[in-house]
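This report goes through one protein chain, part by part. Keep the structure in view while reading.

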Amino acid sequence: MVSTKEAIGIAEIVIFAPLYPATLYLAFRHSFYKQLAWFFLFLLCGLRIASGGLAIASTHDPQNVTEAVWAAILGSIGLNPLLLATMGLLKMV
């Protein structure tokens with residue numbers, strides 16, 4: 001049986017893994033210097049994939065608290081690129 005924490009980690013990886021190359025393409029297409037919003041979306045995808053992987057790893061080894069702590073840290077840091085990408089996309093509009 002899959003725990004809730006592990007299911008959320010799997011869902012994060014399934015959602016953000018296909019978006020990762022798409023945002024990288026958009027970041028290069030629109031240039032890093034002109035529109036940083038795509039770079040922040042790329043960063044958000046990377047942080048969410050890493051957070052999901054660490055969440056899955058922490059459920060398989062509950063004795064290792066470090067993985068759970070890093071999953072929580074990366075999950076909370078991931079909100080900052082989301083806000084910056086939103087501001088950058090609103091700037092384009």
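A nonpolar core is a set of buried Ala, Val, Leu, Ile, Met, Phe, Trp, Tyr and Cys residues joined through side-chain atoms within 4.5 Å. Buried here means under 20% relative accessible area. The model discussed below is predicted.

## The largest nonpolar core

The largest nonpolar core has 8 residues: Phe-16, Ala-27, Trp-38, Phe-40, Leu-41, Leu-44, Cys-45 and Ala-85. Two elements each give two or more residues to this core, namely helix H1 (4–29) and helix H2 (37–60). H2 supplies the largest share, with 5 residues.

Leu-44 is one of the core residues. With residues up to four places away in sequence left out, Leu-44 touches Phe-16, Gly-78, Pro-81 and Leu-82. Of these, Phe-16 also belongs to the core.

## The chain as a whole

The protein chain contains 4 helices and 0 strands. Read from the N terminus, the order of elements is α-α-α-α. Along the principal axes, the C-alpha atoms fill a box of roughly 45 × 20 × 15 Å.

The chain has 93 residues, and 30% of them count as buried. Its accessible surface is about 6100 Å², and carbon and sulfur atoms account for 73% of that surface. Among contacts with a separation of 6 or more, 71% are between residues 24 or more positions apart.

## The salt bridge

Side chains of opposite charge can pair when their charged atoms come close. How many salt bridges does the structure hold? It holds 1. The partners are Arg-48 and Glu-12, whose side chains meet at 3.6 Å, N to O. Because Arg-48 lies in helix H2 and Glu-12 in helix H1, the pair ties together parts that are 36 residues apart in sequence.

Both Arg-48 and Glu-12 are buried. For Arg-48 the relative accessible area is 15%, which is under the 20% limit for a buried residue. Not counting residues up to four places away in sequence, Arg-48 touches Glu-12, Phe-16, Gly-75, Gly-78 and Leu-79.

Is Glu-67 buried or exposed? Glu-67 is buried, yet it has no salt bridge. The nearest side chain of opposite charge belongs to Lys-5, 8.7 Å away. A salt bridge needs a nitrogen to oxygen distance within 4 Å. Glu-67 sits in helix H3 (residues 65–77). Leaving aside neighbours within four places in sequence, Glu-67 is in contact with Leu-54, Ala-57, Ser-58 and Asp-61.

Glu-6 belongs to helix H1. Its relative accessible area is 13%, so Glu-6 counts as buried. Leaving aside neighbours within four places in sequence, Glu-6 is in contact with Ile-56, Thr-59 and His-60. Glu-6 and Ala-85 are 79 residues apart along the chain, and their C-alpha atoms are separated by 27 Å.

## A nonpolar patch on the surface

Some nonpolar residues are found on the surface. Val-2, Ile-10, Val-14, Ile-15 and Leu-19 form a nonpolar patch there, and together they have about 430 Å² of accessible area.

Ile-10, one of the patch residues, is found in helix H1. With a relative accessible area of 36%, Ile-10 is partly exposed. Partly exposed covers the range between the 20% limit for buried and the 50% limit for exposed.

## Helix H4

Leu-82 has its place in helix H4 (residues 79–92). Leu-82 has a relative accessible area of 36%, so it is partly exposed.

Leu-90 and Met-1 are 89 residues apart in sequence, and the distance between their C-alpha atoms is 42 Å.

Notes
Residues are numbered from 1 along each chain as its sequence is written. This is a predicted model: local features need pLDDT of at least 70, side-chain atom pairs count only at pLDDT 80 or more; totals for chains, interfaces and linings use all residues. Side-chain values use heavy atoms; hydrogens and water are left out. Buried means under 20% relative accessible area, exposed over 50%, partly exposed in between (1.4 Å probe, protein chains only). Contact means heavy atoms within 4.5 Å. Lys and Arg count as positive and Asp and Glu as negative; His and the chain ends are not counted. Patches are made of residues with over 30% relative accessible area and no salt bridge: like charges are joined within 9 Å, nonpolar side chains (Val, Leu, Ile, Met, Phe, Trp, Tyr) within 5 Å. Accessible areas come from the Shrake-Rupley method with a 1.4 Å probe; for residues, only the protein chains shown count as cover.
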